Amino acid sequence: MEKAKLWLQENLKGDPILWGIIIAFSLISILVVYSATGTLAYKKMSGNTEYFLFKHSSLIFVGLIFMWFAHKINYKYYSKLSLLALCLSVPLLLFAWKFGSNLNDASRWIRIPLINQTFQPSDLAKLALISHLASMLSKRQMNIDAVKETLIPILLWCGGICGLIMLSNISSGLLLFATCLLLMFIGRVPMKYIGMLIIVGAIFGSVALAVGQRMGTAISRIEKFMDKDEVPFQLEQSYIAIATGGVVGKGPGNSDQRNFLPHPYSDFIYAIIIEEYGIVGGVVILFLYLAFLYRGMIVVARSSGAFGGLLSAGLSFSLVIQAMINMGVAVGLGPITGLPLPLLSMGGTSLIFTGISMGIILSVSRNEMEPPFTKENTKPKIKPAAENVLVNA
C-alpha cells in the first residue's frame, strides 16, 4: 500500500482533485457509452455488443496516456510548440474541407492510413490557437496596446483559424471564437480591441458561411428551434428520455431512447444519462464539470506567470463551455449543434486531444505546486557540526 502511494505521488503530479475528476469522468464515460451503444453494436457487429465498449475504453486509455505525457512536460514548452501546431493546422483544415471524409454533409475528418482512424484537424487547431493566444498575450502584457506587435497577429490568427473551422463545423468555430474573446478579456486586452476582433471575426465568419458546407443546415436548425409549433425529432426523443428518467432514473443499461435517438453515444449522451440515472445523475455530471472549472481556476490563481494562467483558463473554459452547450441542447435551451459532450461522449482522436488539453492544465498545476529549482534547495543538507566532531581519545 505504501509503495502504491509513493508511486502515485511520483508519477501523478499536479492537482490531485483534478486527477480524481478526470478519472471519474473516464469511468462514467465507459459505463454510459457501453449502455448507449449496445443496440447499435448488436445490429452492426452481428451481436457483438462489447465491440464499442472495448474500442471506446481503449481510446480513453490512450487519451489518458497522452494526458500523462503532456503533464510531465513543463507547460512553458507549449508556448514554442503552439505556433508550429497552428501553422500545421491551416493546410490540414483546408485539406479536410476539400478532400476529407464526408459525413452528414460535412467534410471534417481526415482518414489516417494503416490504422483506419479518422482525425479532425479542428481539434488540433483549437488546442494550438488557445495555446498560441495565451502565449501572445503573456509576452505582451506590458505592451498590450501595441497594434502592430499584439493586435494584428491576434486578429489574423483568431479570425483566420475560426473561419477555417467554420467552413465545415460552424458550432466548433463559434465556440472557439467565444473562447478567444474570453481569453482576451482575461488577458487585459482593451474593449475597443475586443470589439475589433468581433468585427474581424464577423467578416471571416461570413465568408466561411458563404463558401462553406453548413450554412443551410445552420439556418434550418435555428428556424426549427424558433418554431414553437414543431419540435425536431432529436429533441422530441431527448425530451422523452429526460421525462421518463424521473428523479433516480431507470437504472444502468435500461435506456429505451437509445434505440430512437440519433447519436445517443455522442450528441445526446446527456439525455441517456438522465434517462438511466435520473435528475440525480444529471446534477452529478453538472457538478463534476463545475468542479473541473473551479479547480482549473485554482490553477490560474496559483500560477506565478501570465502564460500558465491564461493557458489553464483558456483550456478549462473551452471544455466546460462546450459541455454546457451540449447539455443545454439536450434539455431544449438551444438549437441542435452537433457538439459532443467532452470527457463523456464516444469519439476518436478527439479523446486524445482532450487528454492532451487536460494534461497541459495538470502541467501548469504541477509546475506551480512544486518548489522552484534553485541552487539553494538542491544543495545537500549538512548535519550540525556537533554531530560530526570526532572526540579525541
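Which residues make a nonpolar surface patch of about 370 Å²? Select Ile199, Ile203, Val207 and Val211: these four residues make the patch. Patch members have over 30% relative accessible area and no salt bridge; like charges are joined within 9 Å, and nonpolar side chains (Val, Leu, Ile, Met, Phe, Trp, Tyr) within 5 Å. Accessible areas come from the Shrake-Rupley method with a 1.4 Å probe, and for residues only the protein chains shown count as cover.

Before moving on, some ground rules. This is a predicted model: local features need pLDDT of at least 70, side-chain atom pairs count only at pLDDT 80 or more, and totals for chains, interfaces and linings use all residues. Residues are numbered from 1 along each chain as its sequence is written, and side-chain values use heavy atoms, with hydrogens and water left out.

**Stop 1: helix H9**

Stay on Val207. It sits in helix H9, residues 191–211. Helices here are DSSP runs (H or I, at least four residues; strands are E, at least two), numbered from the N terminus. Val207 is partly exposed because its relative accessibility is 48%. The cut-offs: buried is under 20% relative accessible area, exposed is over 50%, and partly exposed lies in between (1.4 Å probe, protein chains only).

**Stop 2: the annotated spans**

Now color by annotation. The unreviewed UniProt entry lists "transmembrane region" for residues 17–40, 52–71, 77–97, 154–187, 193–211, 268–294, 306–331 and 343–365. UniProt positions are given in the numbering used here, feature names are shortened, and annotations may be inferred rather than shown by experiment.

Select 17–40. The span is 96% helix and 0% strand, and its end C-alpha atoms are 35 Å apart. Then select 268–294. This span is 96% helix and 0% strand, with end C-alpha atoms 25 Å apart.

**Stop 3: the largest cavity**

How many cavities of 30 Å³ or more are there? The count is 3. A cavity is a set of points, on a 1 Å grid over the protein atoms alone, where a 1.4 Å probe fits but cannot get out; lining residues have an atom within 4 Å of a point. Grid points are joined across faces, edges and corners, and a volume is the space filled by probe spheres set on the points.

The largest cavity holds about 130 Å³ of space. Select its lining: Ile22, Phe25, Ser26, Leu59, Ile60, Gly63, Leu64, Leu343, Leu351, Thr354, Gly355 and Met358. Helices H2 (16–36), H4 (51–72) and H14 (349–369) each supply at least two of the lining residues.

**Stop 4: salt bridges**

The whole structure has 3 salt bridges. The criterion is a side-chain nitrogen of Lys or Arg within 4 Å of a carboxyl oxygen of Asp or Glu.

Select Asp15 and Arg295. They form a salt bridge, with the closest N and O atoms 2.9 Å apart. The pair links distant parts of the chain, 280 residues apart: Asp15 is in the loop between helix H1 (2–11) and H2, and Arg295 is in helix H12 (residues 269–302). Both residues are buried.

Next, select Lys250, Asp256 and Glu275, which are linked in a network of salt bridges. Lys250 meets Asp256 at 2.9 Å, N to O. Lys250 is partly exposed at 29% relative accessible area, and Asp256 is partly exposed at 41%. The side chains of Glu275 and Lys250 also meet in a salt bridge, 2.9 Å from N to O. Glu275 lies in helix H12 and Lys250 in the loop between helix H11 (233–245) and H12, so this pair ties together parts that are 25 residues apart in sequence. Is Glu275 buried or exposed? Glu275 counts as buried, because its relative accessibility is 0%.

Stay in helix H12 and pick Ile273. Ile273 is buried, with a relative accessible area of 3%.

**Stop 5: backbone angles**

Most residues other than glycine have a negative phi. Select Arg188, where phi is near 65°, a positive value. Arg188 lies in the loop between helix H8 (170–186) and H9, and is partly exposed at 47% relative accessible area. Now jump to His263, where phi is near 55°, also positive. His263 is in the loop between H11 and H12, and is partly exposed at 33%.

**Last stop: helix H7**

Select Cys158 in helix H7, residues 147–166. Cys158 is buried, with a relative accessible area of 0%.

Terms used: On a 1 Å grid over the protein atoms alone, a cavity is a set of points where a 1.4 Å probe fits but cannot get out, and a pocket is an open set with protein on both sides within 12 Å along at least five of seven lines; lining residues have an atom within 4 Å of a point.
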